[in-house]
Amino acid sequence: MLEEKGVCCGGNVKTLILGCSGGSNVGQISNSAMIELDKKGIGGAYCLAGVGADLSGFVESARTANTLLIDGCPVGCGKKAFEKHGITPTRYVVITELGIEKKHNFDNLEAETEEALKKIF
C-alpha cells in the first residue's frame, strides 16, 4: 500500500494524520488510531488543535498537504475546524461510522482501536 514512510493517498506528498481526542471512547480511538498509523508509516501525526485554534502554520500545513482526518463521532469537530478554513481533507473517517458505539467508557480502547484500524486501512 505504501512505498515510503509518510506517503499516503497518492503522489509523493507527505500525509498529515489528524485525530480527534474528544472526551469519549471514539475520540480517544481517533487519537490512538492517528498514533498507530504514524508508527506504521502511513503518515505523520499532526495537531488538529492547532488548526482549530487558527494557528497559521498549522492551518497552512493542513491546507497544502494530503490529510487523513479522523473524527470520533458525527459531531465532526475536526471536520468543522477544517471547514472554517475552507480545507477539505484528502480522506475523512468517522469512528462511529465504522460500527463502534460512542460511549463514556475507556475500558476497551485497545481492542476498539484495533477494530477501527482494520477498517481504516
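## Pocket lining

Three helices, α1 (25–39), α2 (48–52) and α4 (77–84), each give at least two residues to the lining of the largest pocket. Helices here are DSSP runs of H or I with at least four residues, strands are E runs of at least two, and both are numbered from the N terminus. This is a predicted model, where local features need pLDDT of at least 70, side-chain atom pairs count only at pLDDT 80 or more, and totals for chains, interfaces and linings use all residues. Residues are numbered from 1 along each chain as its sequence is written, and side-chain values use heavy atoms, with hydrogens and water left out.

The largest pocket comes out at about 190 Å³. Its lining has 14 residues, and Gly19, Cys20, Ser21, Leu48 and Ala49 sit closest to the centre. On a 1 Å grid over the protein atoms alone, a pocket is an open set of points where a 1.4 Å probe fits, with protein on both sides within 12 Å along at least five of seven lines; lining residues have an atom within 4 Å of a point. The volume is the space filled by probe spheres set on the points, which are joined across faces, edges and corners.

## Aromatic pair

Search the whole structure and you get one aromatic pair (ring centres of Phe, Tyr or Trp, the latter by its six-membered ring, within 6.5 Å). Tyrosine 46 and phenylalanine 58 have ring centres 5.5 Å apart and planes at 50 degrees, so the pair is tilted (under 30 degrees would be stacked, over 60 edge-to-face). Tyrosine 46 belongs to strand β2 (residues 44–46) and phenylalanine 58 to helix α3 (residues 56–64), so the pair ties together parts 12 residues apart in sequence.
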